[in-house]
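Good morning, and thank you for coming. I would ask you to look at the model on the screen while I go through its strands, its helices and its core.

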Amino acid sequence: MMAILINYGATEREWFYQMYEYLTGKVTLILPTHVVVEVAGMGYKLLTANPFIYQENQTVTIYVEQIVRENEISLYGFADMTAKMLFNKLLSVSGIGPKSALAILANADQSALIGAVESQNVEYLVKFPGIGKKTAQQIVLDLKGKLADIPGVALDLFTEPVAVANVNKELSDAILALESLGYGKTDIKRVEKHLAKAATTDTQTYLSLGLKYLMG
């Protein structure tokens, strides 16, 4: 039987259908906003916080959350169950949508995010794109004390997040990924000069570095 959770957001109604748990297949396309995974001859578009952790033709298992709205059906992909559960916890917060939840997961290691919530570190939370002070306070109010039950999360709660980014076509892809996460062009321009000097030619590394600079 398919379990259904109905969540009423501030501006629209969303339905969350737990139809898929995970998909195992071959990565056939990687873009700044999503990956495509082929399973039994069918390509699934999976929106993910960091597509560049995957490689084309790699066989992967990606945990999936399907979100159905009045005008859209989307699949969100996660490297592990822990990230998927954190995503759903964030969606339970008033004012947090899937895009904001992905941006938060892309920019913070799990223990750093939990540490910010548990220590009521609003200043840390407002660094995420689209998260203002009011929403950050709501995250703390709704989630403080409610994240320890997620398996695989180390409760070393005061760890700072780590990040990475990319150069050339790789750097361009990383910049596009930052834009897709909701960061403004001014902020991205500010960190792009640092990324251009980075000793890497890997998209994932550029993206992680860019996230680190933006959260600094």
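Let me begin with a convention: two strands are said to pair if DSSP finds at least two bridges between them. Helices (H or I, at least four residues) and strands (E, at least two) are DSSP runs, numbered from the N terminus. Residues are numbered from 1 along each chain as its sequence is written, and side-chain values use heavy atoms, with hydrogens and water left out. The model is predicted, so local features need pLDDT of at least 70 and side-chain atom pairs count only at pLDDT 80 or more, while totals for chains, interfaces and linings use all residues.

I start with strand β6. With which strands does β6 pair in the antiparallel sense? One is strand β7, residues 72–78, which β6 meets over seven bridges. These two strands form a hairpin, with two residues between them, and Tyr 63 stands opposite Phe 78 in β7. The other is strand β3, residues 22–30, whose antiparallel pairing with β6 runs over five bridges. There, Lys 26 has Thr 59 of β6 as its bridge partner.

I shall call a residue buried when its relative accessible area is under 20%, exposed when over 50%, and partly exposed in between (1.4 Å probe, protein chains only). Strand β6, residues 59–69, has eight of its eleven residues buried, so it is largely enclosed by the rest of the structure.

Rings of Phe, Tyr and Trp (its six-membered ring) pair if their centres lie within 6.5 Å; planes under 30 degrees apart count as stacked, over 60 as edge-to-face and the rest as tilted. How many aromatic pairs does the structure hold? There are five. Phe 78 and Phe 87 make a tilted pair, 4.8 Å centre to centre with 50° between the planes. Tyr 124 and Phe 128 form an edge-to-face pair, because their ring centres are 5.6 Å apart and their planes stand at 85°. Tyr 124 is buried, with a relative accessible area of 7%; for Phe 128, also buried, the value is 2%.

Next, the core. A nonpolar core is a set of buried Ala, Val, Leu, Ile, Met, Phe, Trp, Tyr and Cys residues joined through side-chain atoms within 4.5 Å. The largest one has 62 residues, of which Leu 46, Phe 87, Leu 125, Ile 139 and Tyr 183 touch the most other members. Helix α2 gives the most to this core, with six residues. Nine of the ten residues of α2, residues 98–107, are buried, so this helix is largely enclosed by the rest of the structure. Among the buried ones are Leu 102, Ile 104 and Leu 105.

Contact means heavy atoms within 4.5 Å. Leaving aside residues up to four places away in sequence, Ile 139 touches Val 93, Ile 96, Ile 104, Val 117, Leu 125, Ile 131 and Lys 144.

Finally, consider Ala 174, in helix α6, residues 168–180. Is Ala 174 buried or exposed? Ala 174 is buried, with a relative accessible area of 0%. Asn 50 is 124 residues from Ala 174 in sequence, and their C-alpha atoms are 9.5 Å apart in space.
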